[in-house]
Amino acid sequence: MAASLPTEARVVIVGGGIVGCSVAYHLAKMGWQDVILLERRKLTCGTTWHAAGLVGQLRPSQNMTKLAKYTAELYTRIEEETGQATGFKQNGSVTIATNPERFEELKRNASMAKVFGLDVDVISTAEVRERYPLINTDDVIGGTWIATDGQINPVDATQALASGARLGGARIFEDVKVTRINHDGGRVTGVETDQGSIKAGQVVLCAGMWTRDLAATVGVRVPLYACEHFYLVTEPFAGVEPTLPVFRDYDAFAYYKEDAGKILLGAFEPIAKPWGGDGIPENFCFDELAEDFDHFQPVLEKAMKRMPALENAGIQTFFCGPESFTPDDRYHLGESAELDNLFIASGFNSIGIQSAGGVGKVLSEWMRDGHPPADLWEVDVRRNIAFQNNRRYLSDRVSEGLGLLYAMHWPFRQFVTSRGIRHSPLHERLAAQNACFGEVAGWERPNWYAPPGQSPEYEYSWFRQNWFDYSAEEHRAIRENVGILDQTSFAKFLVQGKDAAKLLGQLCANDVDVDVGRLVYTQWLNDRGGIESDLTVARLAEDRFMIITSATSQTRDFHWIRRHIGEHNAVLSDVTSAYAVLGVMGPNSRNLINRVSSADLSNEAFPFGHFREIEVGYATVRAMRVTYVGELGWELHIPTEFALHVYDTLMAAGESIAIRLVGMHAMNSLRIEKAYRHWGHDITDEDTPLEAGLSFAVAFDKAGGFIGRDALLRQREVGLNKRLVQFLLHDPEPLLYHNEPIWRNNRIVGYITSGMFGHTLGAAVGLGYVNHEDGVDAAFVKSGSYEIEVAGVRFPAAASLRPLYDPTSSRIRL
């Protein structure tokens, strides 16, 4: 240990668990000097020391799987590199299915893993029994096997990373408590500790369950909350061999790990116990929480049926300790939105051990380069909305979130806790019409509408769910007649000032220096040409613009503008709550609005891509002629207090023409038929407009250029190695969601980024990138024979670079 605390450093890492030590290790490996890690007590003393040490690799996305794979690879060599034993062994893992739906999920996961370069074998009941002889397989119908999964001693692994960090020049100080984060109002400047202050250009919070409160002292929101996590360790008994793989029985909420001739049995039970709401004790260090055997007993009872030898095995240890969970079961990573150069790596939802290596690598690269090295949006701390830091919200949400780790990962599954937070003004009206609400960024949004007499509740399945036919009718209503969608959840920003046009000109790839009354569809790009946001800009006045973007991007996009304002004379305001938005869409939309408004909605007076202030009933609204469903329509932006009146007026006028309320699931199926992109799925900061087929929205020659232009020009010169393609299955039965492998001429060339059943096209439709290292052009796409793999079965598909529905976009200009 270094003897004295320095007064200055390049980086200060707060927290000495496995993630903090991994960040220190990777920064040191990059050659960074003056890296300091501060631990309030002792290394690993918070959560790391009592972690089960499972090292799984298959995660829900390609990049998360890459990080987990890297972690496993790091653990294979860190012992040799540092001389510190870690106990890492790759005995593999077995996961079982006891019902057809679970087996479908496992088979879909195995297909997905092929895209990610991870070998996952679907195995029979007999093979399950062969690989794990201790279990009762009477109800097992199959499973999966991952040979490279394993387990590790978390304390030893942390010490190995710490040793590697020290070898690279990093300094680690125990028994030093960080009391404050110092900053100049916009950028971090260091930390205050109980032993003095340290100036630093960057600070990383890896403080586990302490992170939320420490970050909150400087106005940074990191929503997480601890839950009690239970496991027991048996006495040794016959049959527990050192070569036993990790075993998971998701439907019984349990995992099993061999531990020196004993079995460690842990659980992710459906209703968890939040902990720490009254504060974490000041002297917390390697602490255990009070036992609650009654809480764990249902898990043990199921386990004794699964592993009969447990009935006669003694219990050596019954353990309960705290672990941090987040509102969506995904960890927090990256630079904070509120304070520049304050980085976060916390809230690991019981996967910290298997994530630590990859997290340390990508965060250190992020700190070095000023941007993430890959698309990490699903764990980016900027995905969070301000209200999610509320303690009561977190306590209620994590009580459900812990159990969802092992619950069925149904398509469209909705949280049931911490709901009813952000309501559109129309919420009660829509609820009265039998809306089934889903939640996005706290917003309650109608996903579908049940017919009279039917309950608006999900009946989940990997196959056609109970709402499938209802949503199909909503889909057809917009294709054939007129429907209304509540789109209030859009994030909306005002950019005002004499430099507003200049600022947005730099941010937007398209030309937004247009006439007042024009709408511009555009992307914001990074320096590599990757898409940071996909949005619409409305020019309200010479010096005033409105930005309309997705609900999930509210924090991220606001932050993107804020950090680029610099010396521009411009003011940014979030006006999301000021306006409700009603989408009036379909070939009969003009007829409907004409019944309640005297405005001229003809193509000549009101072309596509324009907006006007019009009267609807007694209200004045901003009508924007734009669409995300591929039909004639207007989005009506309504001052919140007038929303109910406008809704009631439209619904009354539309009764005689069979107007229909339409949910978000139908919007999704409509937009996928039209091949409209969805940011975060089909386009990300790794994808360029050229690759995504969005070059029509790039104004290469506009005055002043734009961020990312040079990268796009270089790419246009050398050609593309991937293209976003639309696929339509020939067979109408299978359903596509995301991550299904794309086969071209018997070779995997990509995966589905988003999918939905296309009720107009008659089968499942998906978008996905076709990759080829020697280049992808139209001829390459057209010359291939394509199949999409679903749960291990390959289904032929048509492929197109143009939208399969209305490729000329004539319907939106009716």
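Figure 1. Leaving aside its neighbours within four places in sequence, Gly352 is in contact with Ile18 and Val19. In this predicted model, Gly352 belongs to helix α8, which covers residues 352-369. The relative accessible area of Gly352 is 15%, and because residues under 20% count as buried, Gly352 is classed as buried. A distance to another part of the chain is given for orientation: Gly352 and Ala763 are separated by 411 residues in sequence and, C-alpha to C-alpha, by 40 Å in space.

**Figure 2. The whole protein, shown as a setting for the close-up views.** The protein contains 18 helices and 38 strands. Its radius of gyration is 27 Å, close to the 28 Å that the globule rule gives for 814 residues, so the protein is as compact as a globular protein of that length. Along the principal axes, the C-alpha trace of the protein spans about 80 × 65 × 55 Å. Of the 814 residues, 62% count as buried, and the accessible surface of the protein comes to about 30,000 Å², with 47% of that surface belonging to carbon and sulfur atoms. Among contacts with a separation of 6 or more, 72% are accounted for by residues 24 or more positions apart. The side chains include 79 that are positive and 103 that are negative, and the centres of these two sets lie 4 Å apart.

**Figure 3. Helix α12 and the elements that cover it.** The buried residues of α12 are Ala500, Ala501, Leu503, Leu504, Gly505 and Leu507. What covers these buried residues includes the strands β23 (491-496), β24 (519-525), β25 (531-541) and β26 (544-549), together with helix α13 (554-565).

**Figure 4. The salt bridge between Asp251 and Arg102.** Side chains of opposite charge can pair when their charged atoms come close. A search of the whole structure finds 44 salt bridges, and one of the pairs joined in this way is Asp251 with Arg102, whose closest N and O atoms are 2.9 Å apart. Asp251 lies in the loop between β13 (246-249) and β14 (254-259), whereas Arg102 lies in helix α3 (residues 100-116), so the pair ties together parts that are 149 residues apart in sequence.

Figure 5. The side chains of Arg108 and Glu104 meet in a salt bridge, with an N to O distance of 3.1 Å. Because these two residues are 4 residues apart in helix α3, Arg108 and Glu104 are separated by about one helical turn. Arg108 is buried, and Glu104 is buried as well.

Figure 6. Arg397 and Glu439 are joined through their side chains by a salt bridge of 3.4 Å, N to O. Arg397 lies in helix α9 (residues 391-404) and Glu439 in strand β20 (residues 435-440), so this pair ties together parts that are 42 residues apart in sequence. Both Arg397 and Glu439 are buried. A further group is formed by Asp380, Arg382, Glu532, Arg556 and Asp685, which salt bridges with shared partners join into one network.

Figure 7. Arg612 is found in strand β29, which covers residues 611-616, and at 31% relative accessibility Arg612 counts as partly exposed. Once its neighbours within four places in sequence are left aside, Arg612 is in contact with Gly517, Ala605, Phe606, Pro607, Val621, Arg622 and Ala623. Arg612 and Glu673 are 61 residues apart in sequence, and their C-alpha atoms are 28 Å apart in space.

Figure 8. Leaving aside its neighbours within four places in sequence, Asn603 is in contact with Arg590, Arg625, Arg813 and Leu814. For one of these contacts, the spacing is also given: Asn603 and Arg813 are 210 residues apart in sequence but 7.3 Å apart in space, C-alpha to C-alpha.

Definitions and conventions. Residues are numbered from 1 along each chain as its sequence is written. This is a predicted model: local features need pLDDT of at least 70, side-chain atom pairs count only at pLDDT 80 or more; totals for chains, interfaces and linings use all residues. Side-chain values use heavy atoms; hydrogens and water are left out. The radius of gyration is taken over C-alpha atoms; the globule rule is 2.2 Å times the number of residues to the power 0.38. Buried means under 20% relative accessible area, exposed over 50%, partly exposed in between (1.4 Å probe, protein chains only). Contact means heavy atoms within 4.5 Å. Accessible areas come from the Shrake-Rupley method with a 1.4 Å probe; for residues, only the protein chains shown count as cover. Lys and Arg count as positive and Asp and Glu as negative; His and the chain ends are not counted. The place of a charge is taken as NZ of Lys, CZ of Arg, CG of Asp or CD of Glu. A salt bridge is a side-chain nitrogen of Lys or Arg within 4 Å of a carboxyl oxygen of Asp or Glu.
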